[in-house]
Amino acid sequence: MKLDPTAQERKSDHIKLAFEAQTNSLDIDSRFQYEPLFFQSNQDLPEITFLDKNLQTPIWVSSMTGGTEKARKINENLARACSHFKMGMGLGSCRSLLDSNDRLDDFNLRPIIGDDLPFYANLGIAQVEQLLKSGQIYKVNQLVEKLKVDGLIIHINPLQEWLQPEGDILTQSPIETIQQFLEISKIPLIVKEVGQGMGKESLRFLMSLPIQAIEFAAHGGTNFAKLELLRSDDVQQELYHSITKIGHSYTQMIEFVNEIQAENPEKVLCNQFIISGGIKNFLDGYYGMNAINGRAIYGQASTLLKYAEQSYEALHNYIESQIKGLKLAQSCLIVKK
C-alpha cells in the first residue's frame, strides 16, 4: 500500500468539522435515488442529438444580452465556451439588427462557435407581430442570413412588455402571431418565455406545432417582468409587485409536458425541450433532463453571464465543474419519476 502523507491532516479536519457536517433527514433531496454500489468513475457524458446537431455537453446558453459594447465581450466568451465544450447557444434580442448593422459585431458569433453547433437568433413576439402587420417579415430572413444562424427563437413576454416603461402592447394573441409566422416562413423555430414559464394550455398548443423546441424560461430564474418593474416608478412597483410572482416552475412545467404526452401523444409534434429558469446547478439540470418525457437539455442565463463577464477562464472553469458534476450524477443517481 502507498503511504498516505495527508492522513494526519485529513483526520484532524474530520474531528474539527464533524459537528458542522451534521445533517437533517428533512433536508434530503427527494428527487433522486442514490445507488452507491453502482458507482462507475470516468464515464463520459453521452452525446446527444439536439436541434439536428450533435452536442457533447447538454447545456444551452440561454438568450441574454446584446447591443452594447460590454455585451460583445460577454457573447464572445460564451461562444468560445460553446465551441470548446460543444454546446448550443441562443442570442439575446436581435431587434437592433432588423434595421441596422451598427451592433452586428455583438451578435456575429458563428465564426467563433463554428458551423457544427446550434446557434439561434432571437426576437420578441411583439416585433414579429409588427413585422407581419407591416409586410416586412422578410427582415427576419435577412437577420438569419447575416448571422448565419440555424433558426429563430421567439420569446413570448406579454408581462414584460406590459411592465416595461417603453414596452410594446400586443394587439393580437401570440397564438395568432406564431401561426401566421409558421404559415409564411420555413425558418426553424424555438419558442420560449422570459422568466414566468408557461401553463399547461400554452405548452399544449406549442407542442402541437411543427416547431423545433420549447424553452421553459420558468419562474425561479431571471424574471424579466420583475426586472422591468424595477425600472419603473414607485407607484408602478407598488401596484404590480404581486404579478411578478405569477408563473410556473420548471418542475411544474415538466409535469405539464408529461401529462400532455400521456393524454394526447398523437397530437404532439414538438418533443424537444430546453429546461431553463431556476436551474441553479448540475443536479437541477440532471433532474430535469431525466424527469421529462422528451429529448431535453438544460439552459442557464444569469449564472453563465456572471462568469462570462469576469473572464473566459472563469466561465471555462465553471462549465468544466458542471460537467464533472453531471458525470458524478449519472454514475450513482437515479431520477424518481
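This is a predicted model: local features need pLDDT of at least 70, side-chain atom pairs count only at pLDDT 80 or more; totals for chains, interfaces and linings use all residues.
Student: What makes up the lining of the largest pocket, by class?

Tutor: Sorted by that rule, the lining of the largest pocket has 25 polar, nine nonpolar and eight charged residues. The space in this pocket is about 960 Å³. Its lining consists of 42 residues, and those closest to the centre are Ser-63, Met-64, Gln-160, Val-194 and Phe-224.

Student: Which helices and strands each supply at least two residues of that lining?

Tutor: They are the strands β6 (119-124) and β11 (295-300) and the helices α7 (158-163), α10 (224-229) and α14 (302-310).

Student: Why is Gln-160 called buried?

Tutor: The relative accessible area of Gln-160 is 9%. Buried means under 20%, and Gln-160 therefore counts as buried. This residue lies in helix α7. Beyond residues up to four places away in sequence, Gln-160 touches Val-194, Phe-224, Ala-225 and Glu-228.

Student: What makes the approach of the Gln-160 side chain to the side chain of Asn-157 a polar contact?

Tutor: The distance is 2.8 Å. A polar contact requires a pair of N or O atoms within 3.5 Å, one able to donate a hydrogen and the other to accept it. The pair formed by the side chains of Gln-160 and Asn-157 is therefore counted as a polar contact.

Student: What characterises the second largest pocket by class of lining residue?

Tutor: Its lining has ten nonpolar, six polar and two charged residues. About 330 Å³ of space lies in this pocket. There are 18 lining residues, with Ile-156, Pro-158, Pro-174, Met-198 and Ser-202 nearest the centre. Helices α7, α8 (174-184) and α9 (200-207) each supply at least two of the lining residues, and the largest share, four residues, comes from α9.

Student: Why is strand β7 described as largely enclosed by the rest of the structure?

Tutor: Strand β7 (residues 151-155) has five residues, and five of the five are buried, so the description applies. Strand β7 runs parallel to β6, to which five bridges join it, and Gly-124 has His-155 as its bridge partner in β7. Four bridges join β7 to strand β8 (residues 189-192), again in the parallel sense. In β8, Lys-192 is the bridge partner of His-155.

Student: Why does Gln-272 count as buried?

Tutor: Its relative accessibility is 13%. The limit for buried is under 20%, so Gln-272 counts as buried. Gln-272 is found in strand β10 (residues 272-275). A polar atom of its side chain lies 3.2 Å from the backbone nitrogen of Leu-51. Residues in contact with Gln-272, apart from neighbours within four places in sequence, are Thr-49, Phe-50, Leu-51, Gln-212, Ala-213, Ile-214 and Arg-295.

Student: What makes both faces of β10 covered?

Tutor: In a regular strand the side chains alternate between the two faces of the sheet. Gln-272 and Ile-274 are on one side of β10, Phe-273 and Ile-275 are on the other, and all are buried.

Student: Why are β9 and β10 said to pair?

Tutor: At least two bridges are required for pairing. Strand β9 (residues 213-215) and β10 have two, in the parallel sense, with Glu-215 opposite Ile-274. Strand β10 also runs parallel to β11, joined by four bridges, and Ile-275 stands opposite Tyr-298 in β11.

How values were computed: Residues are numbered from 1 along each chain as its sequence is written. Side-chain values use heavy atoms; hydrogens and water are left out. On a 1 Å grid over the protein atoms alone, a cavity is a set of points where a 1.4 Å probe fits but cannot get out, and a pocket is an open set with protein on both sides within 12 Å along at least five of seven lines; lining residues have an atom within 4 Å of a point. Grid points are joined across faces, edges and corners, and a volume is the space filled by probe spheres set on the points. Ala, Val, Leu, Ile, Met, Phe, Trp, Tyr, Cys and Pro count as nonpolar, Asp, Glu, Lys and Arg as charged, and the others, Gly among them, as polar. Buried means under 20% relative accessible area, exposed over 50%, partly exposed in between (1.4 Å probe, protein chains only). Contact means heavy atoms within 4.5 Å.
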